[in-house]
Amino acid sequence: MSADEEKSHEIALMELGDDAPLQLKRQVGLNHAAFMMESLDDLKEAYARLKAKGVKIDHISDHGLSLGIYFRDPDGSLLGLISYVD
């Protein structure tokens with residue numbers, strides 16, 4: 001998932017049936033997946049594209065060293081786009 005061998009991450013996805021239970025509080029599971037953008041300008045451009053396509057922004061977080069834009073995929077999973085702040 002990453003060209004940087006020291007920052008490699010893996011994600012495994014599987015399809016579950018419609019009757020699968022939702023994640024419970026404090027249960028192991030996916031909280032969110034985030035993708036690092038190359039620059040703050042790239043993050044701003046991605047934000048504009050999301051808004052233009054009508055994607056509802058869940059929230060925007062200032063993490064101090066980085067800024068994150070969070071939204072949900074069609075299945076309700078939380079996704080994020082993050083960039084370090086210059």
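This section describes strand pairing, the nonpolar core, salt bridges and a surface patch in a predicted model.

Strand 4, which spans residues 78–84, is mostly covered, as five of its seven residues are buried. Strand 4 pairs with strand 1 in a parallel arrangement through four bridges. The pairing of strand 4 with strand 3 is antiparallel and comprises seven bridges. Gly 80 of strand 4 takes part in both pairings described here: Ala 34 stands opposite Gly 80, and Tyr 70 likewise stands opposite Gly 80. Strand 3 and strand 4 form a hairpin with five residues between the strands, and in this hairpin Gly 76 adopts a positive phi near 95°.

Ser 66 belongs to strand 3. With a relative accessible area of 11%, Ser 66 falls under the 20% limit and is therefore classed as buried. Leaving aside residues up to four places away in sequence, the contacts of Ser 66 are with Ser 61, Ile 82, Ser 83, Tyr 84 and Val 85. Tyr 84, one of these contacts, is also a member of the nonpolar surface patch described below.

The largest nonpolar core consists of nine residues, namely Met 37, Leu 40, Leu 43, Ala 46, Leu 50, Ile 57, Ile 69, Phe 71 and Leu 81. Two elements, helix 1 and strand 3, each supply two or more residues to this core. The greatest contribution is that of helix 1, which provides four residues. Ile 57, a member of the core, touches Tyr 47, Leu 50, Lys 51, Ile 69, Tyr 70 and Phe 71 when residues up to four places away in sequence are not counted. Among these contacts of Ile 57, Leu 50, Ile 69 and Phe 71 are likewise core residues.

The model contains two salt bridges. In one of them, Glu 45 is joined to Arg 49, with the closest N and O atoms 3.0 Å apart. Both residues lie in helix 1 (residues 40–52), and because Glu 45 and Arg 49 are four residues apart, about one helical turn separates them. The relative accessibility of Glu 45 is 47%, so this residue counts as partly exposed. Arg 49 is also partly exposed, with a relative accessible area of 47%.

The other salt bridge is formed by the side chains of Asp 58 and Arg 72, at an N to O distance of 3.4 Å. This pair links distant parts of the chain, with Asp 58 in strand 2 (residues 57–62) and Arg 72 in strand 3 (residues 66–72), 14 residues apart. Asp 58 has a relative accessibility of 36% and is accordingly partly exposed. Arg 72, at 44%, is likewise assigned to the partly exposed class.

At the surface, a nonpolar patch is made up of Met 36, Leu 65 and Tyr 84, which together present about 360 Å² of accessible area. Met 36 is located in strand 1 (residues 33–36). The relative accessible area of Met 36 is 46%, and this residue is therefore partly exposed.

Conventions: Residues are numbered from 1 along each chain as its sequence is written. This is a predicted model: local features need pLDDT of at least 70, side-chain atom pairs count only at pLDDT 80 or more; totals for chains, interfaces and linings use all residues. Side-chain values use heavy atoms; hydrogens and water are left out. A salt bridge is a side-chain nitrogen of Lys or Arg within 4 Å of a carboxyl oxygen of Asp or Glu. Buried means under 20% relative accessible area, exposed over 50%, partly exposed in between (1.4 Å probe, protein chains only). Patches are made of residues with over 30% relative accessible area and no salt bridge: like charges are joined within 9 Å, nonpolar side chains (Val, Leu, Ile, Met, Phe, Trp, Tyr) within 5 Å. Accessible areas come from the Shrake-Rupley method with a 1.4 Å probe; for residues, only the protein chains shown count as cover. Contact means heavy atoms within 4.5 Å. Two strands pair if DSSP finds at least two bridges between them. A nonpolar core is a set of buried Ala, Val, Leu, Ile, Met, Phe, Trp, Tyr and Cys residues joined through side-chain atoms within 4.5 Å.
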